[in-house]
2 protein chains.
Amino acid sequence: PQWLLQYQRPWLSGDLIAGLIVTVMLIPQSLAYAMLAGLPPQVGLYASILPLLAYAFFGSSMTLAVGPVAVASLMTASALSPMAAPGSETYLMLAVMMALMSGLIRLGFLAFFLSHPVISGFISGSAILIAVGQIKYLLGISLPRGEIIATVSGLFHQISSANRSTALIGVAALIFLFFARSRLAPLLKSMGMPATLAELLTKLAPMAVVIVSTAIVAGTGLDQSAQVAIVGHVPSGLPHIGLPQISWQQSQTLWLPALLISLVGFVESVSVAQSLALKRGQRISPNRELLGIGAANIASAFSGGYPVTGGFARSVVNFSAGANTPGAGVISAALMAIVISAFTGWFYYLPVSVLAATIIVAVLGLLDWHTLREAWTYDKADAVSLLLTFAGVIFLGVEEGILLGVALSLAVLVWRSSHPHMAIVGRVPNTAHFRNVDRHQVETLPGLIALRVDESLYFANAQIIEEKVENLIQSNTGTSTVLLILSAVNQLDSTALAMLTDMQKGLAARKITLQFAEIKGPVLDRLRSTPLGEIMRDQIFLSTHDAFLAHAHQISEKPDADRRPL
Amino acid sequence: PQWLLQYQRPWLSGDLIAGLIVTVMLIPQSLAYAMLAGLPPQVGLYASILPLLAYAFFGSSMTLAVGPVAVASLMTASALSPMAAPGSETYLMLAVMMALMSGLIRLGFLAFFLSHPVISGFISGSAILIAVGQIKYLLGISLPRGEIIATVSGLFHQISSANRSTALIGVAALIFLFFARSRLAPLLKSMGMPATLAELLTKLAPMAVVIVSTAIVAGTGLDQSAQVAIVGHVPSGLPHIGLPQISWQQSQTLWLPALLISLVGFVESVSVAQSLALKRGQRISPNRELLGIGAANIASAFSGGYPVTGGFARSVVNFSAGANTPGAGVISAALMAIVISAFTGWFYYLPVSVLAATIIVAVLGLLDWHTLREAWTYDKADAVSLLLTFAGVIFLGVEEGILLGVALSLAVLVWRSSHPHMAIVGRVPNTAHFRNVDRHQVETLPGLIALRVDESLYFANAQIIEEKVENLIQSNTGTSTVLLILSAVNQLDSTALAMLTDMQKGLAARKITLQFAEIKGPVLDRLRSTPLGEIMRDQIFLSTHDAFLAHAHQISEKPDADRRPL
């Protein structure tokens with residue numbers, strides 16, 4: 001890759017520091033997100049080595065930090081748990097397959113279908129779902145996986161049977177992490193620490209909690225004496241390179257979730273990478289991002305990992321810590337390789353409730369009120385799409401929610417253009433300009449209805465436009481000409497063409513002439529070759545003004561026809 | 001209704017004749033379509049009495065003939081056969097419920113989603129499915145209901161076991177009906193008969209076949225001697241008014257098919273009613289059609305019938321036979337009531353293979369090559385939607401096919417506007433007009449990129465527009481201003497707003513000014529209240545020309561800034 005060929009010495013210190021700090025965040029997160037995905041902890045570590053290298057070689061962002069993330073982990077769990085028992089061999093194999101499939105899917109263009117509000121609602125809904133799902137681990141309650149309502153009511157009923165030591169550790173960790181997130185940086189700054197350093201230090205809080213809680217459990221033996229759930233044995237050693245025996249039989253039901261993971265991952269990565277690149281005046285290429293994240297997932301599959309993508313929080317930290325190139329990712333990968341080779345034993349006493357606390361704090365940071373507020377002010381329909389996607393994810397399920405969101409975006413799109421703005425226009429006196437008769441003092445001609453349609457003409461609005469014209473004719477007796485001004489028509493589909501053809505016939509039967517004006521070049525080119533285009537050859541005007549003058553000329557001639565020659 | 005209050009004596013003869021001729025068509029069709037729907041023959045007769053009266057009172061078309069039709073019968077069979085055995089009590093109850101539900105559903109606005117090509121592909125696909133499904137009755141082969149491929153291969157394998165007498169009668173009827181449809185009218189005309197009368201006489205061919213074949217079977221006893229399947233006992237007497245015991249438990253799975261029946265029925269009825277109304281310079285009201293067809297279905301449910309709608313062939317005959325008002329429908333209903341009260345015994349010996357022949361000839365008339373050919377010339381994407389809907393109905397199923405079609409229409413819509421036409425424009429010398437630089441000799445200014453986007457801005461094209469602007473900046477070094485000309489933008493959603501906000505930030509970071517020109521009133525009104533609108537307050541120009549002059553002024557001032565004051 002270019003960055004490697006042109007690598008400059010001064011970049012190294014930034015990359016080294018960023019790589020180190022990201023690794024310190026990545027260790028607890030990779031263990032926690034693997035747990036969230038229903039996978040053994042080492043799978044999270046595997047997914048944090050080769051994918052980082054693959055992205056460093058193929059991606060285009062200088063600062064995107066790739067690896068396991070919360071939302072993709074939830075999506076993995078949601079797709080796989082109906083197919084196999086979490087933690088089982090089959091489940092593991094399916095997770096690898098999911099990474100492979102989402103890496104192979106090159107349908108980034110489908111990301112067009114994911115509107116900003118839908119993505120926002122999806123991420124926020126996922127965050128709630130994840131947070132609620134972690135409470136049982138946080139408090140040491142045993143509850144089967146289930147729908148959110150069952151989970152919440154189960155939590156209420158069983159809160160008294162919580163494991164007190166587990167809950168104490170978990171809640172303490174949670175409080176500390178919340179404190180670190182909201183108060184630590186201001187506190188450190190007020191003690192005179194530089195802002196950037198203070199911000200970065202707060203990101204190390206999860207690691208601090210991991211170390212302290214592990215030490216406490218190891219020292220007190222709470223795992224034995226009080227049944228505090230711990231991570232336990234994590235196999236050490238680098239992952240084997242290669243794919244497991246894959247049964248393609250089972251792949252059919254995985255394509256949709258794999259596609260959704262790849263789309264959501266792609267959209268999120270591009271958005272993070274782009275906003276970071278902008279801050280330094282750099283550029284990213286969406287196509288190379290698609291390649292980079294795809295390569296990372298394939299690398300994850302070949303090293304026993306599960307779906308990965310660009311993470312929001314770690315990328316921001318990577319950026320703030322001064323990462324200059326994807327070299328920072330290479331450093332992280334190397335450090336993770338060292339950790340997994342020699343230090344997995346250190347995670348033995350790590351309490352699961354601390355991982356749950358880490359996850360909860362991380363995902364609550366994904367809740368996006370900002371987009372909701374903005375959409376609510378700017379565009380209620382978008383806000384409703386957001387809220388329904390959010391509710392859909394929580395109450396119907398992860399995939400169902402996002403598909404609902406896509407369906408809603410499309411429905412809003414169709415609904416809007418199915419009720420186009422239409423205006424009857426007249427001439428601004430002594431000019432060639434035409435304006436809405438309801439808003440301006442303009443001239444009209446008897447017998448002429450000049451209607452401007454402010455939307456493309458297609459199946460969803462063809463009927464309404466026809467009705468509008470009919471109503472206008474009914475309420476304007478003596479109409480001899482209907483002029484449609486098509487300046488806003490970017491597309492005209494077969495349904496609209498059929499409607500116009502019928503309209504022309506119907507009007508002609510009543511001795512009313514249909515005319516068009518201001519048709520755009522590409523639309524006109526296609527219209528000309530149709531039977532309607534043939535029939536209307538002499539009724540298509542370049543400008544509204546030309547049509548207006550022609551009509552004025554015609555009515556001034558009519559009295560002449562009655563006049564007898566002398 | 002108005003037509004009844006203003007009824008005029010001279011209308012009566014036309015209504016009487018039309019009512020009579022339509023009844024003669026309706027008798028074999030109502031028996032045949034009930035069979036197609038998997039229902040006993042009397043249900044078809046029931047659906048041909050009250051629904052006609054209800055439509056006459058509530059509908060708006062003067063000539064639409066309502067009753068059982070082929071496509072709705074197929075849709076009924078397809079929805080109900082997975083739920084109950086055709087012909088069973090439950091099946092009957094579900095059919096009534098389906099009529100009730102499709103009558104109650106008032107979602108005519110959803111018809112927006114059904115584009116012309118999708119409806120055309122759906123009707124043609126249904127016609128093929130119906131025709132293939134009837135071959136076993138035509139030839140007297142016993143085959144279970146099944147997928148089309150299984151049916152076709154079953155037909156091939158079992159053709160030798162066909163009932164020869166049945167097949168003989170069926171094929172003879174089929175040949176006669178085809179002959180009547182294509183050759184009889186020209187023949188009669190060449191013998192000097194008036195065209196309209198000749199056309200109408202050909203429509204009586206099915207009734208002639210019914211009478212002749214019933215007489216043959218009754219006379220020869222082929223039903224006993226050669227096991228020719230006959231209609232058998234049809235209970236006589238008017239239908240009881242009231243609803244059967246309905247289990248709402250089962251209604252959940254019926255809402256989607258009931259909705260689809262009501263939408264397809266509505267779209268088809270309106271289209272037939274409108275084209276007939278146009279020929280006489282009359283008008284129909286889509287809202288009153290929705291009401292009329294809904295009322296007809298509720299009436300059908302209350303009299304033991306099944307879903308009905310406006311039929312194409314019978315409406316055309318009604319029109320040609322001179323129907324002046326829905327009074328013709330009232331006549332038909334009265335005649336059908338007489339038939340069912342006293343003459344159902346006459347159908348005892350009617351061979352089922354003749355009904356199958358009637359259905360096959362009727363539905364082949366629904367095959368719509370015309371729309372396919374037109375769409376293929378005018379708009380390949382629409383033609384592909386049509387063909388895939390057609391194939392979807394045949395190979396995936398009736399509901400699946402139409403839903404696929406809707407999904408395709410939406411996908412085409414999004415796909416098109418996701419690749420908007422964009423043009424860099426310059427000024428036509430000495431005018432205020434701006435044109436594409438690639439097509440015209442125009443003036444441009446150094447440092448100014450003036451880009452016109454010919455599409456609304458929304459989630460599906462936001463990313464592509466951003467990329468286009470970035471590429472333009474990369475290839476035009478020294479750009480100081482990016483001017484977006486938004487004259488074609490009818491909508492601007494939150495996703496596009498977020499994109500423009502990011503774009504403005506990104507450009508500002510590189511000291512490039514973003515400007516807008518020619519924003520439409522409604523779009524501008526909403527934009528003004530956003531943070532982006534605030535920031536860009538002074539960068540929004542009414543016309544491209546204003547923006548052009550401002551830029552020209554700015555560059556002419558720059559050298560001045562370097563000049564020292566004297």
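# Notebook: a two-chain model

**Thr214(B).** I opened the predicted model at Thr214(B) and listed what this residue touches beyond four places in sequence: Trp346(B), Tyr349(B), Leu350(B) and Pro351(B). Thr214(B) sits in helix H11 of chain B, which runs over residues 205-220. Buried or exposed? I get 12% relative accessibility for Thr214(B), so I put it down as buried, the cut-off being under 20%. I also checked where its side chain points: the side chain of Thr214(B) reaches the backbone oxygen of Val210(B) at 2.6 Å.

**How the chains relate.** Next I superposed chain A on chain B. A rotation of 180° does it, with 0.0 Å of shift along the axis and an RMSD of 0.1 Å. That makes it the relation of a two-fold axis. Which C-alpha of chain A is nearest the axis? I found Ala488(A), at 2.8 Å from it. Both copies use the same surface, since 100% of the contact residues of chain A recur in chain B.

**The interface.** How many residues are in contact? I count 56 in chain A against 56 in chain B. An interface's size is often quoted as the accessible area lost when the parts come together. Here chain A and chain B bury about 4,900 Å² between them, with 61% of it on carbon and sulfur atoms. For polar contacts, I get 15 residue pairs between the two chains, both partners at pLDDT 80 or more. I then asked which elements of chain A give two or more residues to the side that touches chain B; among them are helix H7 (116-139), helix H13 (255-279), helix H21 (462-475) and helix H22 (494-509). H20(A) gives the most to that side, with nine residues.

The rule finds two salt bridges across the interface. I looked at the side chains of Asp379(A) and Arg526(B), which meet in a salt bridge at 3.2 Å, N to O.

**Arg416(B).** This residue lies in helix H20 of chain B, residues 398-417. What does Arg416(B) touch, leaving out residues up to four places away? My list has Gln491(A) and Asp493(A) from chain A, plus Asp379(B), Ala381(B) and Asp382(B) from chain B. The side chain of Arg416(B) makes a polar contact with the side chain of Asp379(B) at 2.6 Å.

I followed up Leu484(A): beyond four places in sequence, its contacts include Leu451(A), Val469(A), Leu500(A), Met503(A) and Phe516(A).

**Salt bridges elsewhere.** How many are there over all chains? The search of the whole structure finds 14.

- Arg427(A) and Glu443(A): the closest N and O atoms are 3.2 Å apart. The pair links distant parts of the chain, 16 residues apart, with Arg427(A) in strand S3 (residues 422-427) and Glu443(A) in the loop between strands S4 (434-436) and S5 (448-453) of chain A. Arg427(A) is buried at 17%, while Glu443(A) is partly exposed at 28%.
- Lys189(B) and Glu199(B): I read 3.3 Å between the closest N and O atoms. Lys189(B) is in helix H9 and Glu199(B) in helix H10 of chain B, so this bridge ties together parts ten residues apart in sequence. Lys189(B) comes out partly exposed at 34%, and Glu199(B) is partly exposed too, at 36%.
- Arg510(B) and Glu470(B): the closest N and O atoms are 2.5 Å apart. Arg510(B) is in the loop between helix H22 and strand S7 of chain B and Glu470(B) is in helix H21, 40 residues apart. Arg510(B) counts as partly exposed at 25%, but Glu470(B) counts as buried at 14%.

I also noted that salt bridges with shared partners join Asp379(A), Arg416(A) and Arg526(B) into one network.

**Gln158(B).** Gln158(B) is in helix H8 of chain B, residues 148-158, and is partly exposed with a relative accessible area of 28%. Beyond four places in sequence, I find Gln158(B) in contact with Ile141(B), Ser142(B) and Leu143(B). Gln158(B) and Ile141(B) are 17 residues apart in sequence and 6.9 Å apart in space, C-alpha to C-alpha.

Key
Residues numbered from 1 in each chain as written. Chains lettered and ligands numbered in written order. Predicted model: local features only at pLDDT ≥ 70, side-chain atom pairs only at ≥ 80, totals over all residues. Heavy atoms only, no water. Helix = DSSP H or I, 4+ residues; strand = E, 2+ residues; numbered from the N terminus. Buried < 20%, exposed > 50% of the residue type's maximum accessible area, 1.4 Å probe, protein only. Polar contact = N/O pair within 3.5 Å; in protein donor to acceptor, adjacent residues only side chain to side chain. Contact = heavy atoms within 4.5 Å. Least-squares fit on C-alpha atoms with pLDDT ≥ 70 in both. Buried area = accessible area lost by both parts, 1.4 Å probe. Salt bridge = Lys/Arg side-chain N within 4 Å of Asp/Glu carboxyl O.
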